[in-house]
Amino acid sequence: MGVVHFRGVVIQENQVGESGKRILVLAKGIGRVMLNARGAKNTKSKLLSGTQLFAYCDFMAYEGKGFYSLTQADLIESFYGIRMDMDRLAEAVYLTELVERTCPVGMEQDETLKLLLYSLTMLEKSQVPPRLISRIFEVKYAQLSGVLSNEGCMVCSKDDAPLFFNATAGEFLCKDHCFGGEIPLLGAVQKAIAFITEREGKQIFAFTLSEEATNQLDVILRRYLEVHMGVRLKSREFSKEL
């Protein structure tokens, strides 16, 4: 027990009582950290800005018996610009919820933290379509989570042939291992997935896709995350409807 310091981004915020908050932070070197922030909703609170969703901060907290009580939050980046555009805000909410729902407890998640920060930065400052940023995030996050490789066919690992998507099993397959009824991947979609899995950092966002290709990637990844990560979030559907 005692005072602890860590840097991270708020991925969930909940009101506690009339003026308090409970926030979930994805912290560097730690992973998920739940913090109690007394009085954080008060307009004069020094914790107000640092306990909002997306806030990237240096946190100081007191570690008690089974809980952390937030005492200081020095804001590094608020990503306030995201809140000025409904499309960008919807995608950012979805990404933080996806991480909150699927990120393992009790282990560091530094690569996921970097990916989330890159994505929030792109949502706020780039001209890349917000929906495409989310799809890029999903591909890389699935790879970091160990449920997606860049080996092509999931049966024989052939990566130099056109691929098909089996929606029932959530598998990418070459023609030799198709069962029937698979969706043939558009060439641009297959190249996009390979591009993302083979690169790191901000480089993964350095391409564009047509509306047709983005739509197919959207459908495929929705099902892929259902099968391999057991998640289908309303926030994803909301962002699609905008």
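**Figure 1. Burial and overall layout of the protein chain.** In this predicted model, 47% of the 242 residues of the protein chain count as buried. The protein chain has six helices and eight strands, and, read from the N terminus on, its elements follow the order β-β-β-β-β-α-α-α-β-β-β-α-α-α. Taken along the principal axes, the C-alpha atoms fill a box of roughly 60 × 35 × 30 Å. For a chain with 242 residues, a compact globule would have a radius of gyration near 18 Å, and the 20 Å of the protein chain agrees with this.

Figure 2. A pair of aromatic rings is described by the distance of the centres and the angle of the planes. The structure holds six aromatic pairs, and one of them joins F165 and F172 in a tilted arrangement, with 5.2 Å from centre to centre and 50° between the planes. F172 also forms an aromatic pair with Y224, and this pair is stacked, with 5.6 Å from centre to centre and 25° between the planes. F165 counts as buried because its relative accessible area is 1%, which is under 20%. F172 is buried as well, with a relative accessible area of 5%, and Y224 is buried with a relative accessible area of 2%.

**Figure 3. Close-up of a ring cluster and of a charge over a ring.** Ring pairs link F6, F59 and Y68 into a cluster. In another contact that involves a ring, the charged end of R199 sits over the ring of F195, at 3.8 Å from the centre of that ring.

**Figure 4. Close-up of the largest pocket and its lining.** The largest pocket has a volume of about 230 Å³, and 14 residues line this pocket. Of these lining residues, N150, G152, L163, I193 and A194 lie nearest the centre of the pocket. Helix 4 (residues 187-197) gives the most to the lining of the largest pocket, contributing four residues. When the residues of this lining are divided by class, seven are nonpolar, five are polar and two are charged.

**Figure 5. Close-up of the largest cavity and its lining.** The count of cavities of 30 Å³ or more comes to one, and the largest cavity has a volume of about 50 Å³. The residues that line the largest cavity are Y94, L98, R222, L225, V231, R232, L233 and R236. Helix 1 (86-102) and helix 5 are the elements that give two or more residues to the lining of this cavity. By class, the lining of the largest cavity has five nonpolar residues and three charged residues, with no polar residues.

Key
Residues numbered from 1 in each chain as written. Predicted model: local features only at pLDDT ≥ 70, side-chain atom pairs only at ≥ 80, totals over all residues. Heavy atoms only, no water. Phe/Tyr/Trp six-rings, centres within 6.5 Å; stacked < 30°, edge-to-face > 60°. Buried < 20%, exposed > 50% of the residue type's maximum accessible area, 1.4 Å probe, protein only. Lys NZ or Arg CZ within 6 Å of the ring centre and 35° of its normal. 1 Å grid on protein atoms, 1.4 Å probe; cavity = no way out; pocket = protein on both sides within 12 Å on 5 of 7 lines; lining within 4 Å. Points joined across faces, edges and corners; volume = space filled by probe spheres on them. Nonpolar A, V, L, I, M, F, W, Y, C, P; charged D, E, K, R; others polar. Rg over C-alpha atoms; globule rule 2.2 N^0.38 Å.
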